[in-house]
Amino acid sequence: MVRDTWATRTGFILAAVGSAVGLGNIWRFPFLTGESGGAVFVVVYLALVALIGLPVMLVEFVIGRRSERNPVGAFRRLGHPSWKFAGAIGALAGFIILSYYSVVGGWVLQYIVASFSGGYTGDTGAFFVQTASGTNAIIYHAIFMALVAGIVSLGVRDGLERAAKLMVPSVIVLLVILAVYAATLPDTGPGYEFYLSPNVDTFASDAVNILPAAAGQAFFTLSLGMGVMITYSSYLGEDRNLLNDSLIIVAIDTFIAILAGLVTFPFLASQGQDLVQDGGGAGAVFISLAAAFETMPAGHLVGGVFFIMLAVAALTSAFSILEMVVSYVVDTFDIARVPATLALAAIIFVIGLPTAMDLNYLDAYDKFANNILLIAGGLVLSLFIGWVFASDALEELGQGRGGNGGFDTYWINVVRYVVPIALLVTLALAIQEYVEFLQTTFF
Ligand code: PFF
């Protein structure tokens with residue numbers, strides 16, 4: 001069978017950026033930064049993106065392009081079928097992540113409606129509470145899931161590439177406008193200070209929480225640990241330079257997250273809202289943006305456009321997750337694609353219901369999937385490349401770049417030693433932190 005390749009030369013980058021840029025950058029990054037001590041978290045996150053995220057993205061690209069298969073078929077094709085449990089970890093993570101990602105996607109849909117109907121006038125904190133859990137949250141969770149399932153069953157990858165092409169520049173332009181507007185507001189000082197000026201003592205006292213949170217966020221925002229990037233790169237030609245492509249994807253994704261923080265924290269400070277949102281910050285970006293749209297010139301229009309773009313960003317990411325889960329199930333159990341898509345979407349909708357009723361469940365799903373499952377997935381993939389498949393991996397990485405250079409040696413050593421040790425430590429901390437979280441939240 002001749003495999004489909006990307007429709008356009010930039011199709012792969014667009015799809016990968018479409019998967020990476022999403023609620024993770026604009027909702028989750030500011031939320032975790034607020035919860036985990038501000039600038040210190042940002043520094044740790046940036047370090048982990050460069051030191052762990054980029055090398056693991058290349059691990060996934062190498063596996064995908066070498067095998068020309070999704071994670072299930074990849075290990076068989078590469079001659080190591082026993083490693084295919086990595087695909088199972090990824091599929092499980094996909095189920096859980098999409099189940100609440102769709103709930104947050106539903107919030108965005110509600111904010112689109114509210115922007116045009118004047119729904120968040122007045123107390124934007126109360127509006128968020130009303131949006132986040134309960135009947136509305138469930139209805140819009142269903143709508144978001146139906147949209148994702150529709151896109152996946154129609155198989156409209158070209159349409160998605162075009163959507164990503166429009167979405168990424170629009171999101172950047174809107175965030176820049178909002179960041180500039182934020183800078184003109186009074187009383188933003190504490191917001192900038194919290195976000196940009198790291199306090200080392202915070203790290204020393206809270207490393208147990210900051211490390212797993214930052215690592216989980218690095219994986220989540222770059223769509224790593226689940227095999228999405230394996231699947232996307234499996235359609236890639238040998239002439240592409242994987243290193244260049246990964247640098248572009250990581251740079252765009254990181255830039256958008258940093259911009260989102262430059263909008264959220266000055267807004268929160270100027271509105272006199274709490275910056276350190278100990279555990280309760282899931283609404284940070286929604287509450288502060290809605291309040292800002294209330295006062296800024298043409299705010300509701302800007303708000304409407306902003307939330308539409310955020311919905312597109314969320315859909316291109318959610319698509320990549322469902323697409324991955326569907327290929328896993330279709331390939332493993334040999335069932336037809338469209339019924340599989342609809343059935344899986346329905347199951348994922350049901351799994352997500354508790355998170356649409358209570359934010360504590362959303363937190364519980366989110367921490368488990370990101371800080372534990374994605375990290376475990378990344379660990380397994382890196383061990384495979386570093387210790388089982390290193391020489392083929394190096395050969396694959398050199399394709400499209402005229403052979404290996406100094407970076408490649410650095411990369412394989414990082415993948416062999418630094419990534420596994422760092423991820424093992426993070427995983428141990430994450431499990432410990434998760435048990436404590438469950439005890440304090442639910443018992
Ligand atoms: N990277 C997406 C975001 O930042 O919103 C979320 C995501 C997509 C996570 C795909 C994992 C994944 F496999």
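**Salt bridges between helices**

Modeller: Both glutamate 396 and arginine 65 are buried (under 20% relative accessible area; exposed is over 50%, partly exposed in between; 1.4 Å probe, protein chains only). This is a predicted model, where local features need pLDDT of at least 70, side-chain atom pairs count only at pLDDT 80 or more, and totals for chains, interfaces and linings use all residues. Residues are numbered from 1 along each chain as its sequence is written, and side-chain values use heavy atoms, with hydrogens and water left out.

Glutamate 396 and arginine 65 form a salt bridge (a side-chain nitrogen of Lys or Arg within 4 Å of a carboxyl oxygen of Asp or Glu). Their closest N and O atoms are 2.7 Å apart. The pair links distant parts of the chain. Glutamate 396 sits in helix α17 (residues 390-398), arginine 65 in helix α3 (residues 39-67), 331 residues apart. Helices here are DSSP runs (H or I, at least four residues), numbered from the N terminus.

Arginine 66 forms a salt bridge with aspartate 392, with the closest N and O atoms 3.3 Å apart. Arginine 66 is in helix α3 and aspartate 392 in helix α17, so this pair ties together parts 326 residues apart in sequence. Aspartate 392 is partly exposed, at 29% relative accessible area.

Another salt bridge joins the side chains of arginine 401 and aspartate 408, at 3.0 Å from N to O. Arginine 401 is partly exposed, at 23%. Aspartate 408 counts as buried, at 1%.

Shared partners join Arg65, Arg66, Glu238, Asp392, Glu395 and Glu396 into one salt-bridge network. The whole structure holds nine salt bridges.

Key: Helices (H or I, at least four residues) and strands (E, at least two) are DSSP runs, numbered from the N terminus.
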